[in-house]
Amino acid sequence: MGQGMDRKAMRGEFEKLNTPQRLDKMLAMSEVRHAKMVEHSQATKAFYAQLTAEQQGVFDAEAMFGHHRGHGQHRHQS
C-alpha cells in the first residue's frame, strides 16, 4: 500500500486479502502513520525549543486553529 495509492486501488488490494491479512495490512499502515507522527512531533518540539517565549505563544495560538488548514476548512476574511 503505497502512500500515493488512491482509495479505489487500495480497496481493490484489500479485496484480494482475507480478513487476517487485511487486519495485518491495516496494523502495518497504522504503524507507519504512528512513526510519521512521532517524527513530526520530535521535529516540532525541536523547532519550538528554539523559539522565544513570545514566538512560542504565537505558534501555540496558530497551531491550535491552523492545524486543519488545507483539509477543506477555510478562514473567511471580512
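Is Glu13 buried, exposed or partly exposed, and at what relative accessibility? At 33% relative accessibility, Glu13 counts as partly exposed, a class that lies between buried, under 20% relative accessible area, and exposed, over 50% (1.4 Å probe, protein chains only).

**View 1. The predicted model and its confidence.** This is a predicted model in which local features need pLDDT of at least 70 and side-chain atom pairs count only at pLDDT 80 or more, while totals for chains, interfaces and linings use all residues. Residues are numbered from 1 along each chain as its sequence is written, and side-chain values use heavy atoms, with hydrogens and water left out. The protein chain has a mean pLDDT (the predictor's confidence in each residue, from 0 to 100) of 84, and 77% of its residues reach 70 or more. Confidence is lowest in helix 1 (residues 7-15), with a mean of 87, and highest in helix 2 (residues 19-49), with 96; helices here are DSSP runs of H or I with at least four residues, numbered from the N terminus.

**View 2. The salt bridge of Glu13 and Lys16.** A search of the whole structure finds one salt bridge, defined as a side-chain nitrogen of Lys or Arg within 4 Å of a carboxyl oxygen of Asp or Glu. Glu13 and Lys16 form this contact, with 3.6 Å between the closest N and O atoms. Glu13 is partly exposed, whereas Lys16 is exposed, with a relative accessible area of 64%.

**View 3. The tilted pair of Phe47 and Phe59.** The structure holds two aromatic pairs, where rings of Phe, Tyr and Trp (its six-membered ring) pair if their centres lie within 6.5 Å, and planes under 30 degrees apart count as stacked, over 60 as edge-to-face and the rest as tilted. The ring centres of Phe47 and Phe59 are 5.8 Å apart and their planes stand at 55°, so the pair is tilted. Because Phe47 lies in helix 2 and Phe59 in helix 3 (residues 53-66), the pair ties together parts that are 12 residues apart in sequence. Phe47 is partly exposed at 42% relative accessible area, and Phe59 is partly exposed at 28%.

**View 4. The edge-to-face pair of Tyr48 and Phe59.** With ring centres 5.9 Å apart and planes at 70°, Tyr48 and Phe59 form an edge-to-face pair. Tyr48 belongs to helix 2 and Phe59 to helix 3, so this pair ties together parts that are 11 residues apart in sequence. Tyr48 counts as partly exposed, at 24% relative accessibility. Ring pairs link Phe47, Tyr48 and Phe59 into a cluster.

Definitions and conventions: Helix = DSSP H or I, 4+ residues; strand = E, 2+ residues; numbered from the N terminus.
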